[in-house]
Amino acid sequence: MAKGNRGGKNGATTGYYITVDTYKSAKIIQPTSKGSMSLPRMSHSPNAIYILKNKNGKYKSMGIYNEHREIVKEFDIGHGHKRRNKRGEVVQHLKRGVFHTHIAKGGRENDTRYLTKKEIKKYGDYLHFIGGMLSE
């Protein structure tokens, strides 16, 4: 059984997000007054792509979901990060406005890094649509 929150606050089917548009196969969603500025941990349908717009109408991130409706990757430009090693030491600063990837397992975040060339090639059209820089 998939881990994560299918019907709670972060579920896309709960009324915390509304679909405002589409781009190719991606749904563009915005939070309602109850919603958070994070992508939902679970999608409404399997193998979905969601693009999150903030309440001001700017694109913030894009989520890739698997067959269990769990988020597996999030491409984000809306904030910066400090990437840490297993000892908790900062090894890299990921800048706001430059796409970075959150890797999730079981619907929960596991790692953060810059995009690979393969990810840029596969999702480049979506990422160009959102804006932001693809590499530092």
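Figure 1. Asn54 is buried, with a relative accessible area of 18%. The cut-off for buried is under 20%, so Asn54 at 18% falls within that class. The model shown here is predicted. Asn54 sits in the loop that links β3 (49-53) to β4 (59-65). Its side chain reaches the backbone nitrogen of Asn56 at 2.8 Å. Leaving aside residues up to four places away in sequence, Asn54 touches Gln30 and Met37.

**Figure 2. The whole protein chain.** The protein chain has 9 strands and 1 helix. From the N terminus on, the order is β-β-β-β-β-β-β-β-β-α. The chain holds 136 residues, and 41% of them count as buried. Take the contacts with a separation of 6 or more: 40% of them join residues 24 or more positions apart.

**Figure 3. Glu74 and Arg41 in a salt bridge.** Side chains of opposite charge can pair when their charged atoms come close. The structure holds 6 salt bridges. In one of them, the side chains of Glu74 and Arg41 meet, at 3.5 Å from N to O. Glu74 belongs to strand β5 (residues 71-76), while Arg41 lies in the loop between β2 (26-31) and β3, so the pair ties together parts that are 33 residues apart in sequence. Glu74 is buried, with a relative accessible area of 8%.

**Figure 4. Asp76 and Lys60, a pair between two strands.** Asp76 forms a salt bridge with Lys60. Their closest N and O atoms are 3.6 Å apart. Asp76 lies in strand β5 and Lys60 in strand β4, so this pair ties together parts that are 16 residues apart in sequence. Both partners are buried. Asp76 has a relative accessibility of 0%. For Lys60, the relative accessible area is 14%.

Figure 5. Arg87 forms a salt bridge with Glu89. The closest N and O atoms of this pair are 2.9 Å apart. Arg87 is exposed, with a relative accessible area of 67%. Glu89 is partly exposed, at 38%.

**Figure 6. A network of three residues.** Salt bridges link Lys73, Arg113 and Glu119 in a network.

Definitions and conventions:
Residues numbered from 1 in each chain as written. Predicted model: local features only at pLDDT ≥ 70, side-chain atom pairs only at ≥ 80, totals over all residues. Heavy atoms only, no water. Helix = DSSP H or I, 4+ residues; strand = E, 2+ residues; numbered from the N terminus. Buried < 20%, exposed > 50% of the residue type's maximum accessible area, 1.4 Å probe, protein only. Contact = heavy atoms within 4.5 Å. Polar contact = N/O pair within 3.5 Å; in protein donor to acceptor, adjacent residues only side chain to side chain. Salt bridge = Lys/Arg side-chain N within 4 Å of Asp/Glu carboxyl O.
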